[in-house]
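Here is a briefing on a protein chain.

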Amino acid sequence: MNKTALKAILICLGLGSTFVSQAQQSKNVLWYKQPAKEWTEALPIGNGKIGAMIFGGVAQDRIQFNEETLWTGSPRNYNKPDAYKYLPQIRTLLQQGKQREAEALAMQEFMGLKSEAGDKEAWLKEIEKTRLNPKGPAAASFNDKAWKGFYVPTYEGWETLGLEGLDGALWFRTQFTLPDNWKGQDLILDLNKIRQVDYTYINGHLVGHSERDDVKRNYTIPAKYLKPGKNMVAVQVINFIDKGGISGYKDTTQHIGVFPKGKSVKEGISLNGNWKYWVQDDNPPAPAVYQASYQPFGDIYLNFKHQEYTNYKRELDLNSALAKTSYSHKGTNYTRTYFVNAPQNTLVIHLEANQPKNVTFTASFDSPHSQKSIRKIDDRTIALDVKVKYGALFGESILHLKNKNGKISVKNNQLVVEGADEATLMLFAATNFVNFQDVSGKPSVKNQQTLASAENLDYQTLKQNHLQDYTSLYNRFSLSFGGNSREDLPTDERIREFSKTANDPALLALYAQYGRYLLISSSRANTQPANLQY
């Protein structure tokens with residue numbers, strides 16, 4: 001967004017909430033013609049306690065959810081004695097333009113106390129045994145047929161391609177064919193960024209190693225390590241916290257690869273593509289950190305026998321905080337409606353069709369947490385239990401089903417719905433968090449209390465309670481710069497058009513209202529503060 005457009009928003013925001021009527025507002029709807037492929041494309045809903053991202057797939061819909069109090073860490077003292085004494089020195093360094101020195105001093109003396117770390121050295125020694133094995137994964141002759149495939153690179157971490165919540169030691173392997181005119185030459189292997197530690201091998205020979213994720217991996221491959229035909233690249237990646245993997249370049253047009261000295265990847269061989277990978281150890285020691293990390297809770301997966309479809313639409317109406325997925329399959333129109341009800345503190349998913357006995361699907365739980373279990377509570381309720389890897393917090397979420405006609409059951413810890421007219425899923429989630437000093441809470445007790453207060457309410461009542469609560473906040477302010485024909489474009493197309501012409505004032509109003517929507521959805525009275533910016 002250019003500065004002129006941003007200035008226009010700020011000026012108009014300052015005029016107050018009475019300068020257009022509700023009827024004059026823009027539509028304030030985000031909508032798309034296709035399901036979300038990535039997390040950043042999913043539609044967010046929330047009530048300050050429970051948040052969810054709606055992907056809107058047809059054959060399989062994913063609803064990723066979290067709960068406000070599920071974090072790593074445990075109650076401890078975060079305060080470093082006499083930290084304030086270093087503030088003047090940090091300010092002086094900043095005024096002198098010594099940013100790096102100021103940051104180093106702040107990290108050492110001002111940022112508080114780190115948590116207790118696990119035995120990193122002992123774990124690394126154990127990991128090293130596999131790396132130093134002459135017949136291990138670094139060797140060209142190593143048999144990796146049982147390994148799984150994985151696309152490399154992943155700039156935003158291997159988590160974006162399904163390895164969510166994974167830290168530890170992993171191996172990646174691929175190969176390239178040496179061109180005849182490269183024989184006898186030293187080559188450059190350019191992997192750019194790796195998170196965090198790497199040991200990189202060519203045909204079993206170590207060609208590079210770094211322990212910082214901000215160092216460019218641009219390794220020389222001596223000609224003596226190369227051989228005619230196939231050459232094996234093997235990389236052990238060690239990640240202790242946050243994102244992991246062979247990241248490559250943020251600019252995805254720039255590939256990782258191998259090429260002769262003095263050349264570039266464009267003149268060499270790209271290594272972007274499917275590599276083999278193996279998780280050597282996914283239980284690294286706890287890292288020493290200044291503060292805890294917010295955690296996802298889990299995923300709901302809805303599976304349908306709907307492979308072919310038409311008239312697809314995915315939308316989020318900011319005026320009502322209702323997300324919807326709709327499409328047609330074999331002459332029947334299907335609609336899913338999603339919202340997070342604040343009065344009853346429940347995530348609601350309502351499924352319906354315009355013809356009776358056509359709502360058939362399964363609903364299941366999953367979670368990126370390694371310590372998880374799924375169980376049946378009764379014939380219409382299943383539960384997901386999780387515990388964070390580094391910390392004292394654990395939680396329970398329960399998924400409860402209500403249906404109109406049809407048959408329901410629980411099979412293999414999945415809710416099964418067959419031939420219903422409509423169905424409503426209600427998700428409840430809680431943890432053992434009481435406050436920053438107390439983690440003695442009982443999530444199952446909290447969930448049963450919430451379920452008891454909501455299970456006798458029908459879908460329309462849950463929806464009406466949600467609308468009354470949400471609109472009491474959202475409708476305090478309205479904004480319009482006038483409408484235009486671009487409001488009828490899908491939001492992703494509309495944004496691309498705006499980047500070319502900047503001629504869509506209604507998009508600016510939508511942008512401002514989306515910010516308000518996100519804040520209402522992420523933090524409410526009597527909830528924890530929002531922990532992300534929009």
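Seven strands form an open sheet in the order β2-β3-β4-β16-β21-β26-β25, with antiparallel pairing. β2 (43-46) and β25 are the edge strands, each with a single partner strand, so one side of each has no neighbour in the sheet. On average, neighbouring strands of this sheet are turned by 20° against each other, direction ignored. Axes are lines fitted to C-alpha atoms, for helices over the stretch in contact, and angles run from 0 to 180 degrees between N-to-C directions.

This is a predicted model: local features need pLDDT of at least 70, side-chain atom pairs count only at pLDDT 80 or more, and totals for chains, interfaces and linings use all residues. Residues are numbered from 1 along each chain as its sequence is written, and side-chain values use heavy atoms, with hydrogens and water left out.

- β25 pairs with strand β26 (residues 414-420) in the antiparallel sense, over 5 bridges. Two strands count as paired if DSSP finds at least two bridges between them.
- Strands (E, at least two residues) and helices (H or I, at least four) are DSSP runs, numbered from the N terminus.
- Ser409 sits in β25, which spans residues 407-411.
- Is Ser409 buried or exposed? Ser409 is buried, with a relative accessible area of 15%. Buried means under 20% relative accessible area, exposed over 50%, and partly exposed in between (1.4 Å probe, protein chains only).
- Not counting residues up to four places away in sequence, Ser409 touches Asp379, Gln414, Leu415 and Val416. Contact means heavy atoms within 4.5 Å.

- Strands β8 (residues 197-202) and β9 (residues 205-210) pair in the antiparallel sense over 5 bridges.
- Ile202 stands opposite His205 in β9.
- The hairpin has 2 residues between the strands, and Asn203 takes a positive phi near 50° there.

**Thr174 in β6**

- Thr174 belongs to strand β6 (residues 168-178). Thr174 counts as buried, at 14% relative accessibility.
- Leaving aside neighbours within four places in sequence, Thr174 contacts Asn231, Met232, Val233, Leu271, Asn274 and Trp275.
- Glu267 is 93 residues from Thr174 in sequence and 19 Å away in space, C-alpha to C-alpha.

**Helix α3**

- Ala102, Leu105, Ala106 and Glu109 are buried in helix α3 (residues 99-110). They lie on the same side of α3, because they cover an arc of only 105° around the axis. The arc is that of the directions from the helix axis to the C-beta atoms.
- An α-helix has 3.6 residues a turn, so residues three or four places apart point the same way.
- Arg100 and Gln108 are exposed on the other side of α3.
- The cover over the buried residues of α3 includes α2 (87-95).
- Gly112 follows α3 and has a positive phi, near 95°.

**Salt bridges**

- The whole structure holds 22 salt bridges. Each is a side-chain nitrogen of Lys or Arg within 4 Å of a carboxyl oxygen of Asp or Glu.
- Glu109 forms a salt bridge with Lys80, with the closest N and O atoms 3.4 Å apart. Glu109 lies in helix α3 and Lys80 in the loop between β4 (60-67) and α2, so the pair ties together parts 29 residues apart in sequence. Glu109 is buried at 16% relative accessible area, whereas Lys80 is partly exposed at 25%.
- Glu156 forms a salt bridge with Lys243, with the closest N and O atoms 2.5 Å apart. This pair links distant parts of the chain, 87 residues apart: Glu156 is in the loop between β5 (148-152) and β6, and Lys243 is in the loop between β11 (229-239) and β12 (245-248). Glu156 is partly exposed at 38% relative accessibility, and Lys243 is partly exposed at 27%.
- Lys216 forms a salt bridge with Asp190, with the closest N and O atoms 3.4 Å apart. Lys216 is in the loop between β9 and β10 (217-221), and Asp190 is in strand β7 (residues 187-195), 26 residues apart. Lys216 is partly exposed, with a relative accessible area of 40%, whereas Asp190 is buried, at 5%.
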